[in-house]
Amino acid sequence: MATQTVLLVEDEESFVDALTVGLKREGFRVEVARDGLEALNRFDLVQPDVVLLDVMLPKMSGIDVCRQLRKRTQVPIIMVTAKGAEIDTVVGLEVGADDYITKPYRMRELVARMRAVMRRVSTERGSSPAEIDGSILEVGDVSLDPDEHVVRVRGELVQMPLKEFELLHLLLANVGRVLARETLIDRVWGIDYVGDTKTLDVHIKRLRAKIEDEPSDPKRIVTIRGLGYKFERSR
Ligand code: CA
């Protein structure tokens, strides 16, 4: 595999130093930008394979950088947020970040997430979130066949009305990734949907009743508080 370049956008020197060393050890080429404007300039110059983007930056916030980058590229972007800054995470995902990680984090977790978003984006050829197509999706013992409109759980056929099916389809196509409530509603009910947002929760509840071992203690479709939902990878 060719060496992959990460654009590290970070203004705290101690982080820059530690990450540069750690990421190089993992085989990445590391380019550093220390403020938001430099991030955009460096991006155009180096065309990185992945961007690690701190939210709190001089000159231009990570949120605005992300918004600008999304106008020109589908490069995977991982937002780095401060502990407890849930709002940054929500906004980050809304402006098109692929994932987020909260400081302090472990190098191993960071690298795993970087590889995951790069894999995802390369297989999806840059759509965000994953476009859904006709291929069969299988995560653990849940499988979904879009062409036949069939869901199987532990090999058993499960009946599913259209909206539940579409919701499950979207979650499975983005396995391991948090999908914001707004994204799920837009994609399943349409951007002009004006109904009760509880509709989403009701559908999630019905899905859980069909695919979880313990619907009251879901292990597959998990709630990410303040954000949305995620279909967990199988372990
Ligand atoms: Ca910072």
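Modeller: K103 is buried, with a relative accessible area of 12%; buried means under 20% relative accessible area, exposed over 50%, and partly exposed in between, with a 1.4 Å probe and protein chains only. This is a predicted model, in which local features need pLDDT of at least 70 and side-chain atom pairs count only at pLDDT 80 or more, while totals for chains, interfaces and linings use all residues. Residues are numbered from 1 along each chain as its sequence is written, and side-chain values use heavy atoms, with hydrogens and water left out.

K103 is located in the loop between β5 and α5; helices (H or I, at least four residues) and strands (E, at least two) are DSSP runs, numbered from the N terminus. The peptide bond that leads from K103 to P104 is cis, with omega near -5°. P104 belongs to that loop, between β5 (99-102) and α5 (107-124).

Leaving aside residues up to four places away in sequence, K103 touches E10, E12, F15, D54, V80, T81, A82 and K83, where contact means heavy atoms within 4.5 Å. With the side chain of E10, that of K103 makes a polar contact of 3.2 Å. A second polar contact, of 3.4 Å, links the side chains of K103 and D54. A polar contact is a pair of N or O atoms within 3.5 Å; within protein, one must be able to donate a hydrogen and the other to accept it, and residues adjacent in sequence count only if both atoms are side-chain atoms. K103 also lies over the face of F15, at 4.1 Å from the ring centre; a charge sits over a ring if NZ of Lys or CZ of Arg is within 6 Å of the ring centre and within 35 degrees of the ring normal.

The protein donors of the calcium ion are D11 (OD), D54 (OD) and M56 (O), lying 2.1 to 2.3 Å from it. D11 lies in the loop between β1 (5-9) and α1 (13-25) and D54 in strand β3, so the pair ties together parts that are 43 residues apart in sequence. Along the chain, the spacing of the calcium donors is D-x42-D-x1-M. Donors are N, O and S atoms within 2.8 Å of the metal (3.2 Å for Na, K and Ca), and water is not among the atoms, so sites may look incomplete. D54 is buried, with a relative accessible area of 4%, whereas D11 is partly exposed at 30%.

T81, another contact of K103, is part of strand β4. The relative accessible area of T81 is 1%, and the residue is buried. Apart from residues up to four places away in sequence, T81 touches V55, D88, T89, I101, T102 and K103. The side chains of T81 and T102 make a polar contact of 3.5 Å.

In α3 (residues 62-72), the buried residues are G62, I63, V65, C66, L69 and R70. Viewed down the axis of α3, these buried residues fall within an arc of 160°, so they line one face of the helix; the arc is that of the directions from the helix axis to the C-beta atoms.
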